[in-house]
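Please look over the following chain before reading the notes on it.

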Amino acid sequence: MKIIGIGRNYGEHAKELNNPVPSQPIIFMKPDTALVKGNKPFFYPDFSSDVHHELEIVIKISRVGKNILEAFANRYFEELTVGIDFTARDIQQKSKEKGLPWETAKAFDHSAPVGTFVSKSDYPDVHQLNFGLMINDKQVQSGNTSGMIFTFEYLIAYASRFFTLQMGDLIFTGTPAGVGPVKPGDHLVADLEGKVLLDFEVK
Ligand code: ZN
């Protein structure tokens, strides 16, 4: 499986990092070694001193597709959850300044914890979902999927022009505002519509 990440998909987050709002999705990828399931701890890496949390809705691709039309894209995912797109902001900043790729900042081991998947049919409208992140019992991020610049369906259609989507592939759909650093000892709890789906510690 592969993990597709989307950069700057919420206007308020693009602004907080002084980035322009994109006219097309910004895509990066993480390997399967980035995935963390089952609320296992995140071990702080030794190559960064500024790892940030990015709380995101994660969708799971449920059938194979290439050049998917946006109008049919909703048939290609049945489940979603919350996840953290951990980002070594210090490395990413240097890469951006030099115009270099983001992989070492975004795709490192265990940089993609994901929560328990739930059926999208549990919700009347996936384009109106609240989600949030608490660190040590303090709310640090909250968003609503209505704030996405590019919808789930647009992202699926767009990504499938470049990459064949396969069952089990994940798309991290971008973070709302409020990103910030984590440190060993932090306890992260993320919810979707008030239901906790992800709960783990930084070690
Ligand atoms: Zn992200």
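The notes below begin with how the model is to be read and then go topic by topic.

This is a predicted model, in which local features need pLDDT of at least 70 and side-chain atom pairs count only at pLDDT 80 or more, while totals for chains, interfaces and linings use all residues. Residues are numbered from 1 along each chain as its sequence is written, and side-chain values use heavy atoms, with hydrogens and water left out.

**Zinc site**
- Glu 54 (OE), Glu 56 (OE) and Asp 85 (OD) coordinate the zinc ion at 1.9 to 2.0 Å, where donors are N, O and S atoms within 2.8 Å of the metal (3.2 Å for Na, K and Ca), and since water is not among the atoms, sites may look incomplete.
- Along the sequence, the spacing of these donor residues is E-x1-E-x28-D.
- Distant parts of the chain are linked by the pair Glu 54, in the loop between β4 (51-53) and β5 (55-61), and Asp 85, in the loop between β6 (77-84) and β7 (87-88), which are 31 residues apart.
- Glu 54 and Asp 85 are both buried, a term that means under 20% relative accessible area, with exposed meaning over 50% and partly exposed in between (1.4 Å probe, protein chains only).

**Overall fold**
- The chain contains four helices and 15 strands, taken as DSSP runs (helices H or I, at least four residues; strands E, at least two) and numbered from the N terminus.
- A compact globule of 203 residues would have a radius of gyration near 17 Å, and the 16 Å of the chain agrees with this; the radius is taken over C-alpha atoms, and the globule rule is 2.2 Å times the number of residues to the power 0.38.
- Of the 203 residues in the chain, 52% are buried.
- Among contacts (heavy atoms within 4.5 Å) between residues at least 6 apart in sequence, 77% join residues at least 24 apart.

**Helix α4**
- Eight of the 11 residues of α4 (residues 152-162) are buried, so this helix is largely enclosed by the rest of the structure.
- The buried residues of α4, among them Phe 152, Leu 155, Ile 156 and Tyr 158, pack against β1 (3-7), β2 (26-30), β5, β6 and β12 (170-172).

**Loop residues with positive phi**
- Asn 18, in the loop between α1 (11-16) and β2, has a phi near 55 degrees, a positive value in a residue other than glycine, and counts as exposed at 70% relative accessibility.
- His 110, in the loop between α3 (103-106) and β8 (112-113), has a positive phi near 65 degrees and is partly exposed, with a relative accessible area of 34%.
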